[in-house]
Every structure is written in structure tokens, then in C-alpha cells.
Amino acid sequence: MVSVIVSTPSGGGGVAISTNPAGPVTLVSRSSTTLAVNWGLDDNIPSTAFSVLYQTAPAVNPCASLSSGIPSISTAGTNTIIANLLPGTTYLVLVCNFASPGQGCDIPIVTVTGLDGLEYGPTFVTCSTGTSAGGGGGPPPSINFDGITIAAAQDGNLWEVAKNEDNGVFTLTRWSSDGKVSETSTVLPGASDESNWTVVFDTMGATYAVGSASGPLTLGLDLIVYKVSSSGVLVSSSGFHAGVDGKSFGLDATGDIWIAGGVLGDAGGLSLWRYCVHTGSLTRTAIYSRGGSFDAAFGVKVASNNIWLAGYSMDPAHPGTLDLGIWEYDASGTRLIGGPFFRPGYLQSFPNGLEARLEVSTSSLFVAAQRTGVSGEADLAYAKFDLAGHALVERAWADAAGRTALPHGTGLDGSGNFVAGGRLKDQSGGGALALWKYSPQGQFLSAVTSSGPSGANGLVLSPDAWLAVDGTSVPFHLTSPTALAGTDIFISSFSADSTPPQTTLLVDGLAVSGSSIAIVSTDTLSFVAVDTGSGVFQTLFSLDFSSAQVYSNSFTVSAGTHTLSFHSIDVAGNQEAQRSVFLTVFSTGVFISLAFNPSSINLKANAPFEDAVIEVQGAKASVDIDSTSLKITRVNSNRLAQPLAPLPQPPGTLGDANADGIQDLSIKFDRPALVAVLPVNEQTLVTIEGRFKDGSPLLVTALLRTTSPGKVKTDRGGTVSQLSTSAQVAIPANALSQDTDITVLRLSASAPADEQPRVDAALLQQLKRQGSPFEFGPDGTQFALPATISLPYDTAGPDPHSLKIAYWNPSTKRWEPLDSTADTMRHVVGAQTTHFSVYQLVAPQGATPASTAASAPAALGADPTFVFHDLYAFPNPSRHGQSVVVRIQVGLADSVEINFHDLSGKLVGQGSFGPPKIIDDGNGKGPQYTHDYPWDVSGVGSGIYIYSITAKKGGFPAIHKLGKLGVIR
């Protein structure tokens, strides 16, 4: 006898299925054109001759006998490769030993070669009938069994996965509806109990056991799906392998068939898989990682065609603490469309066993999880959510004996009550069966147990409670429960709070707005968050893309440029969209500027070095710089592993390179070394750090672009791409008047003077910008025939069919959307244009922009009440003489006056605001009466200026406000 199993090739994962589990097995691994066959000798004489016979399987009956004259490979070894096969073709394979009497051929198997470029599992069919492909007849006799999981088919039969603790063999058994008669039993070879197990069914009568497998024929711990026919024959398996050091955990399964779990390894994180019941393919459709080193889903259910997951996630700001999480994916399982919704601080440590199970009704989600109790044990946690992911009710149940609760199975009974079954586990390893019940509204109803089993590993309500329990492979029917001693703990109850909190950044106690602000290093930063529903839970912030931390006290920021990101979470779990602010922080009385010459590096032009000029004004001068300390340390937010120093000889030259009458310092960088750290076809923000001769720090930034143009000839046209993305332009023949060097530049950083008008215009036009803007050049190029621009979109973002490519119109200061088409295969949006400019993807952000006519306050909802709402200046800082607009929102005022002072207190400007406009500027306060004052900075030098505003209205106290802005020449 020769025994045969099937698996994928190395890297594809899979689990072996043997027709003779007592002896060595045959391994068939498949590629698109080969089948690699390996077999053991079983009872055959060593060095005996084997024949491997194969042919394409008949379409009608793939298990039909092989025809005469089929190809055959003869070998005296125990392996061979069948080559030159057709991709995606079904083959019938036999391994035979004709020389050994009584041995003959093995039972034939049918397998399919792969298709290049597609992920596939080890799909195969055994051609035996009437017996289990795992050897038939069930496992060897044993008195040491544990029930692993249980489910009920539509015909009422109970299906249970059990483990023989004596030999480690797993079986899937079909029981009669009364749980008394074992009708079929199928061995699940290689199965492991390192994952949870789930049993699900398809509409064609097949049953699937989903869990994990580990053994000599797998590559570590792999997610596995075993398919068993209605007669109990194991007909196929599909596996997922996570890499050499990876482990794949399938922790729950539902529907047709969605599998939730997690992966440990390089491609780790919460994972969602889809198994195709028609092809046997197993594909991971989504991965989620929060950055806190642990994310896993323990429950999965389908509601309104979307896939919901429940599990745990580690908060990066609180290592070691696990939050309960809820995730919602679209019907394809590829796009996160809801959440993650986190309930913070559920577990303060990892208990011995981790569980979170999920059920859904027509309007609610119910989760049984774990929550750290007062004595450090893991109590049973119950949480109810609406289908928008908002928490409605939270409770906990604490065992009177202080045992840890493990909810292994859940269900909804005929009255809509939520039932969780599992175990209570003490420190010695012993425990008790437990069953908890909650009403549809979230009230605690009961906690019961039953003598005998030490715990339940699965639950099905059919309609009574059947459980898979420790100590037996027979389904356990809970008929005479007794009450458990414990305490129900009410944690929280919310109305359907669906509104996230709003967070405001304060500088020295004054609210600031806008995406770019200038401050000095002595200014204090703080946050204030407001939530009108359940209340603010916490505010998180991050400086320069570091790990998020919980805000508690005001803080200062060192001189230089920084990115400050922040958002808040309310008690109901609503999470505010993260806001980022670009900070320019000046040392008190010291103003530094940097310029590269040239500001654009063309990679098709040779040059030995790149010039940079640093200019210092105020309390220090350029002569005070320690030129030997200067280094390029960052490109955008990415800190260089090896900072780039300027050329050593000479270390720096003092002069007046820009002829502005102010001394500056010129340095040179090796051009090839600089190019090596810059992304190609991208505009970046380059940071130089160092120190002054007195030891105080120096930090300054400037924009630098690197281009590699593509030549497009007039008569042929052509396509030019941005190298690191899918952005490109396709130019038809005869569209250009002459041969032209074309550039596609990603603007990963922009000057505030350029970026702020784009931000303001998007807010006013109610557009949400997606991804980075791209500059197509040469700027102003015109085409006789339309060119096609393509920009990449984020698959986790809005519906791609809602996206449009818009170009920036510098004369009108508006985004101009174009007719656009989404290509969901390439993940790009395309549009035609006849000229070059800056282009970006945009999506509608709700209602059309509010009118600026002050004559319709009632229709627009602007509040005329004389009260302070907001104050800010933009662009801030002003660069190269650009006028600054000071904006204040105080309702309807009789007059608004403004004065400008330098840091010495000298008055340098003053004026009065004109009549207000009604504007919704996206600051979260809705349409407001808005006063704008443009300040011409041509009469002042570089520095920090204080502006003071006095707003007056008869019968009301005057409103006095202060602000700061920077001017950089």
C-alpha cells in the first residue's frame, strides 16, 4: 500500500491528508506546471520500483479509472516530479508498486495545478467512497477526550470536533440531533489545539472544520480548513502559511466562509480570510495592525452584508494593556469601513487564555470578552453595540471564587437573549463549566454551571444548550443547571452617542486654528476637548510621528520645525479624526532660514555638489554657527540612519549669497550622497541640525525636489510615471508642439504659502483631499490633444467611484474637479486634461459650501450672538513678503480693531476689520460670521509679532484677544 496526501509547495502552506495515517505518507505539492510527489515505503521492500501514473481527469467523473496508455514515471526512490503540465488543469494521480505482491496502487487522488499570480490552497479530492479519507471508522478507542467545538446543521445533526488526549488525534464527528448516536467520524490529520476551532456549513451539504494545523507536513502553525462531505469523507483541505517564523491562528469562522484570527511573524496582525467553497482557495483579504505589537480577532459575524470582527488590540501608548476592539469590513473583506472602535483598558495583563466572542442581531452587536477584575483575574465582560459600532451597554461578571472567565462560545436563543458558554479557570488549572445569559436590552439574567465537566469549549443553541466539554467527545446537553456564585457589575450605559469629541490646540492658553502656525520655544502648548454625548475619555497626541501618548499637562517644543498630531476619544468609543499641525518654533529672538541652490536636482544633469545657504538674524548671527556640527538629519519625517555632513573643505564660507545685506553661511554637500537619501520625483522637506558656538541647538528646514524627467517625442507621444507611486501621465502623439522633458513630482511637502490656500479652498469648497498632491511639469504646458492623468488612491479610503482628480487654479485660488473614472484593478483614478498644473484626488465632504453673503444668516445657521468663537492668522509664518490674513469669529460686532506690535512692544501696524462674511472654514464650529483683516508685511522685517484685537458691540462687554505670527524674509 502506498499512502497519498496533498499540500501546496513551499511558501503556500497547507496540511497533509493521508489515506493510511498509520504509515508514511505521500506528499503532492503543486505549482502551475508541476506536481512533486513524495511517498514512504510503508510495507514495501527498500529500493523497490514504483510507478507514478497520471492523466487529465475526465470532466464528468474526475475519479474515473485511468485509461490505457497514460503517462507513467518509474523510479526506485520515494519521490518524483511530474513536469510539463498545464496550468489550472485537473489531474488524476496514482502511485503504484506492481512488483510487490498485494501492494498494487494507492487510492487515486484528484488535484489541480495552480494558476500563476493567484494564491491557492492544497485543494484535492480523494476518490474513495463510503469511508473517511482519514482512515474511516473514527479514532482509536480512548477514555481521555476533550470536546473542542460544536455546531448544529440545518437538518438538526450536531457536528463536534474532539481531541483524543492520548494520541493527539482530532476528529470531526456527526451526531444525531439527540446527541446519542455517532453517525460518521473523520480524522483531521495534523490538527492542533493552538487555535480555537469552528464548524461551519455550506448550502451543498458539506461541513468545514476551521482551526490550525502543525506537523511535519506544515511549515510551522498554519490556518487550516478541512472539508468533509455529508457522508463523513474528508475530501479536501486548504491552508495558509505565514512564513518561516510565522504562525497563523484561525479563531472563528462564519458565513460563506469568513475566518477571523491573527498572524504572528513579519506579516503579523489581525487577519481576515475568505475561503471559497467552490474552488477551495483560501485568501487573506485584510490585515490590521495598530502598532502596539498585538492585534487579533476572536469573533466574526456578517451583518447587512458587511463583516464584523471582535477582538483585542494593544494601545501603543499603553504597552501591555489590551483594548477591546470592534472592526467593520465591507462585503469584499478588503476595506475597513467602520472603526476600529476601541473600549479602552479591558485587560491590564495577558490572562492564561484569551477570548472574545461575537453575535449579531438585526440591530445590535453582542460581545462576550474578558476584563481585568479588582483582584487581577479576568472577569467575564459583556458589551452591546449598535451597528454603527457605538457602545450601548457594558457589564462585567466576577466569579465569587476569583476564577478567570473564558467565554468559548456564544449564541442568541429564541427570545433574543445573548448566551455565552465557557469555563471558570483557577490557578491550579482546574475549573468549572459556566453559562451566562443577558437580555436583548443588556440586563444580566443568570450565571449557571453543571457538575461533571471542568469547562465548555463550544456552545450551540439548537434550541437547547449543547456544549463541547472537557472529558468527553460526546455532546453535552445542559439540562439541570445550578446557579453560580458571582457578582454582576454595571460598568456603563450610553444613549446612541455617534458624535466624536472635538479637540482644540491652545498656545499660551489661546485657541489656535489652521494647519501651520509659528510660535517661540517658550510658548506652552495644551489641548482642550469637548464632547456633548458620553464625555471625553482621553486626548492623544504625537510629536514628529512618534508613538501616541496620553495628554495630561501643557508642554513646550524645542526650536525648529515639528509636526504635532492629536485627537480625542469619548467614553462611548467615538474617535475624532486625527488633526496635524505644522509647527515652526523660533528660538526667542533668533530667526534662521535655509535655501538650497538649486532648489531642484535634475538627475539627468551632472554636478559634483549641492549648495546650501543658512542665514541667521536677531540675537545671533550666521558667524555664531558651528559649521562643523551641521548635518542633514531628516527627509520629511524620516530620520536618516546616517546623517549627511557637508563637504569638510572648507567647512563653511561666510558671505552674502542672496545679496540681501545680511551675512549668511554657505556649505556644500556631495551631490551623489545627497541624491542617495532623497526620493526620486518628489518634493521633500530637508532638515539640517547642528549647534551654535555657545552650544545652543540649531534646526532649520527647506524644500528640495529631485526630478528624473522623461522625454516625450511629439510624433510618438509617451507615458511618464512617478517612480514610487502609480501616478502618471499618458500623452498622445501630436499633442505636444515639440519634444519635451516631462516630470511627475509628488509634493510630499509644500511651502506654507503654497499649501495654506489649498487647505482653505478645500474647506470652503467642502472637499476632502486624498493622498498627496502631484505637480505635472513643465508648469503651464498645453496640449493640442487631451493627455490622461492617473493618480493612485488608498483602498482604505472613500469609495473610489466618489473620487475626482482636481487641478489647482492659482488665479482663482480654487480646486477645479475634472470628469474622472476609477480603475479598481490598478487602484487609480484617471482624468483627461489639456494643460499641466498641480493635481490631487478630492472627495465631496458633505453639503455644498455656505454662501459668503451676509444676508442669509437664518438659512445658513450662523449665530449672530456676540461671543468669541475662533481667532487665527494664515499663512503663519508669512514667507517672502506674502500678506497675512488675521481671522476672527465673534458673531455680529459693531466694530473690530486690530494692532500689531513687535516683541519690544513697538506699534508696527493697525487697522479696522470690514463687514463680516458667513463662512464655514472647517474648524468644527459650523457657519460663522467671519471678519478677515489682510496685513501687508512689506514694511516689517523677519520676526515674531503680537496682534491684539478689540471687538465691540453695544450693550455687551468688549472682547479682547491676542495672537502671534511670524514673518520670514
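Reply: Two strands are said to pair if DSSP finds at least two bridges between them. Strands (E, at least two residues) and helices (H or I, at least four residues) are DSSP runs, numbered from the N terminus. The model is predicted, so to speak of a local feature requires a pLDDT of at least 70, side-chain atom pairs count only at pLDDT 80 or more, and totals for chains, interfaces and linings use all residues. Residues are numbered from 1 along each chain as its sequence is written, and side-chain values use heavy atoms, with hydrogens and water left out.

The account begins with strand β56. Eight of the 10 residues of β56 (residues 682-691) are buried (under 20% relative accessible area; exposed means over 50%, and partly exposed in between, with a 1.4 Å probe and protein chains only). This strand is therefore largely enclosed by the rest of the structure. Strand β57 (residues 697-707) is joined to β56 by 10 bridges, and the two run antiparallel. Within that pairing, Thr684 lies opposite Leu704 of β57. The two strands make a hairpin that has five residues between them, and in its turn Gly695 has a positive phi of about 95°.

Further partners of β56 can be named. Strand β52 (residues 631-635) is antiparallel to β56 and is connected with it by four bridges; here Lys631 has Glu689 of β56 as its bridge partner. By contrast, strand β61 (residues 740-747) runs parallel to β56, with two bridges between them, and Arg746 of β61 is found opposite Glu682.

A related arrangement surrounds strand β33. Seven of the eight residues of β33 are buried, so the rest of the structure largely encloses this strand. With β32, it pairs in the antiparallel sense over eight bridges. Gly411 stands across from Val419 of β33. Five residues separate β32 from β33 in their hairpin, where Gly416 adopts a positive phi near 85°. Strand β34 (residues 431-438) also runs antiparallel to β33, through eight bridges.

Two open sheets can be described next. One consists of five strands in the order β59-β60-β63-β67-β66, with antiparallel pairing. Its edge strands, β59 (718-721) and β66 (820-823), each pair on one side only. Inside this order, strand β60 (residues 728-731) is joined to strand β63 (residues 782-792) by three bridges, and the two run antiparallel. The bridge partner of Ala730 in β63 is Thr788.

The other open sheet also has five strands, in the order β70-β77-β76-β72-β73, and its pairing is mixed. At the edges stand β70 (878-879) and β73 (907-912); each has a single partner strand, so one side of each is left without a neighbour in the sheet. Strands β76 (residues 943-952) and β77 (residues 959-968) pair in the antiparallel sense over nine bridges, and Ile946 faces Lys964 of β77 in that pairing.

Several backbone features lie between the strands. The peptide bond between Asn597 and Pro598 is cis, with an omega of about 5°; Pro598 belongs to the loop between β49 (590-597) and β50 (600-602). Another cis peptide bond links Phe874 to Pro875, with an omega of about -10°.

Ser304, which is not a glycine, has a positive phi of about 55°, and its place is in the loop between β24 and β25 (306-314). With a relative accessibility of 63%, Ser304 counts as exposed. Lys813 is likewise not a glycine and has a positive phi of about 55°. The loop between β64 (804-809) and β65 (814-817) contains Lys813, which counts as partly exposed at 46% relative accessibility.

Among the buried residues of α2 are Pro752, Gln756, Pro757 and Arg758, together with Val759, Asp760, Ala761 and Ala762. Just after α2, Gln766 takes a positive phi of about 60°.
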